[in-house]
Amino acid sequence: MSYTVQIKRLPGGEDLPLPQKMSEWAAGFDLYAAVSEPVVLQPGERQLIPTGFAMAMPPELEAQIRPRSGLAYKHGITCLNTPGTIDADYRGEVKVLLINLGQESFEIQRGERIAQMVIQVIPKVELTQVEELSDTVRGAGGFGHTGK
C-alpha cells in the first residue's frame, strides 16, 4: 500500500534538501538542520533544532524521529524522547530534540543531517476495560526477569 505525505518548505528552509532516503532500502528519511548559524551543543546540553519543513500525513500514519547511528556512535549526539512521535494532525515545523551525551562539544552546521524520520502505519485500536486478564507463561515478569 502506498501513502502520500505532503511536505511544505518553511521560510528559512528553502535551500535545504527535503527529507530523503539515502539508500534504496533505507527505512528512514534523513532530516537536515535548518539553523541560521551553527549551534554548539556542549556535553549534557540539549537543543531543539528546526528542519525547515512541515507536513501533512493521512490519519493512519505517524512519523517517528530517531537518532542517526553515525552521530550517536562517533559523537554521542542522539535524540531525546526517542522515538519522537509526530501525529497526523500536527502541522507545525518538524523539529528535532538533540542532546550531546559525548565528552566534547559538537557543532551543528546548517544543512547537516541530524536525525531520521520513519513513517509508520498506526492500526485502529479500541481499548476495553476488563476485570481479569488472560494468563501467560511470562505473567507480570519484566525489567530483567529473564536474567542479565
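Colleague: Where is the place of Pro 83?

Modeller: Pro 83 is placed in the loop between β7 (77-79) and β8; strands are DSSP runs of E of at least two residues, helices are runs of H or I of at least four, and both are numbered from the N terminus. This is a predicted model, in which local features need pLDDT of at least 70 and side-chain atom pairs count only at pLDDT 80 or more, while totals for chains, interfaces and linings use all residues. Residues are numbered from 1 along each chain as its sequence is written, and side-chain values use heavy atoms, with hydrogens and water left out.

Colleague: What kind of peptide bond joins Thr 82 and Pro 83?

Modeller: That bond is cis, with omega at about -10°.

Colleague: Why is Asn 81 called exposed?

Modeller: Exposed means over 50% relative accessible area, buried under 20%, and partly exposed in between (1.4 Å probe, protein chains only). Asn 81 has a relative accessible area of 62%, so the residue is exposed. Asn 81 also lies in the loop between β7 and β8, and its phi is near 55°, a positive value in a residue other than glycine.

Colleague: Why is Asp 87 called partly exposed?

Modeller: The relative accessible area of Asp 87 is 45%, and therefore this residue counts as partly exposed. Asp 87 lies in the loop between β8 (84-86) and β9 (95-100).

Colleague: What makes Ser 69 exposed?

Modeller: Ser 69 has a relative accessible area of 61%, so it is exposed. This residue belongs to helix α1 (residues 69-75).

Colleague: Which residues does UniProt place under the feature "binding site"?

Modeller: The unreviewed UniProt entry lists Arg 68, Ser 69, Gly 70, Asn 81, Thr 85, Ile 86 and Asp 87; UniProt positions follow the numbering used here, feature names are shortened, and annotations may be inferred rather than shown by experiment. These residues are spread over 20 residues of sequence and, in space, up to 26.4 Å between C-alpha atoms.

Colleague: How do you know that Glu 62 has no salt bridge?

Modeller: A salt bridge needs a side-chain nitrogen of Lys or Arg within 4 Å of a carboxyl oxygen of Asp or Glu. For Glu 62, which is buried, the nearest side chain of opposite charge is Arg 66, 6.8 Å away; Lys and Arg count as positive and Asp and Glu as negative, with His and the chain ends not counted. Glu 62 is found in strand β6 (residues 61-66).
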